[in-house]
Amino acid sequence: MTSDYDNLAQEFLAGLAPEEKTQLYNDLLALEEVHKLNQHSTFYTFRNLKRAAHRHSERRKRTFRYMNSHNTELIIHQIHEQHFFKNNYCIHVYLNSKECTYLFIDQLLSMLKTPKTTPFRVLQEITV
C-alpha cells in the first residue's frame, strides 16, 4: 500500500510548480501539527443540543485543494464530527475523487522534506 502511495505522491509532486510545492508543504506541516494533537482525542459536550438531536453532524474546519499540471486533484478536508454528544476529529484525503488514508499525506510530507540533490562529479586533482 505504501509503495502505491510512493508512486502516487511522486507523480502528483512532479506536476506541481515550485511555488505550489512550497504552499503544499506549509499546509501539510500545519495539518500534521493539528492531526498529531487531535487524532486520538474524543470529547463529550452538551453545548450544542440542536446538533446533538440530529444524531450525526459534520462540520468542515478547513479544506485544502491542489491541482497539478497533469489535472490530478488533491483535496484534504479537516472535519469535526458529532455523534449525539460525542465529538471527534478526522481528516479525509481524496486524490482524483478516490479516498486515501493519512499515509498519503505522510508520504507527501516525507518527499517534500527530503532535499533533492543533483548528481555532480567529484574531480580529483592529479599531481604530476
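Student: What does the accessible surface of the protein chain come to, and which share of that surface belongs to carbon and sulfur atoms?

Tutor: Accessible areas come from the Shrake-Rupley method with a 1.4 Å probe, and for residues only the protein chains shown count as cover. Here the surface comes to about 9200 Å², with 53% belonging to carbon and sulfur atoms. This is a predicted model, in which local features need pLDDT of at least 70 and side-chain atom pairs count only at pLDDT 80 or more, while totals for chains, interfaces and linings use all residues. Residues are numbered from 1 along each chain as its sequence is written, and side-chain values use heavy atoms, with hydrogens and water left out.

Student: What percentage of the residues in the protein chain is buried?

Tutor: Buried means under 20% relative accessible area, exposed over 50%, and partly exposed in between, with a 1.4 Å probe and protein chains only. Of the 128 residues in the protein chain, 35% are buried.

Student: Which residues of helix α2 are buried?

Tutor: An α-helix has 3.6 residues a turn, so residues three or four places apart point the same way. In α2, the buried residues are L24, D27, L28, L31, E32 and H35. They cover an arc of only 150 degrees around the axis (taken from the directions from the helix axis to the C-beta atoms), which puts them on the same side of α2. The face turned away from this buried side carries the exposed residues P18, E19, K36 and L37.

Student: Why is strand β4 described as largely enclosed by the rest of the structure?

Tutor: Strand β4 (residues 86-95) is largely enclosed because seven of its 10 residues are buried. One cysteine to inspect is C90, which is buried with a relative accessible area of 17%.

Student: How many bridges join β4 to strand β5?

Tutor: Two strands pair if DSSP finds at least two bridges between them. Three bridges join β4 to β5 (residues 98-100), and these strands run antiparallel. Within this pairing, V93 stands opposite C100 in β5, and C100 is buried, with a relative accessible area of 10%. The hairpin has two residues between the strands, and N96 takes a positive phi near 55 degrees.

Student: How many disulfides does a search of the whole structure find?

Tutor: A disulfide is a covalent bond between the sulfur atoms of two cysteines. With the criterion of a pair of cysteine sulfur atoms within 2.5 Å, the search of the whole structure finds zero disulfides.

Technical notes: Helix = DSSP H or I, 4+ residues; strand = E, 2+ residues; numbered from the N terminus.
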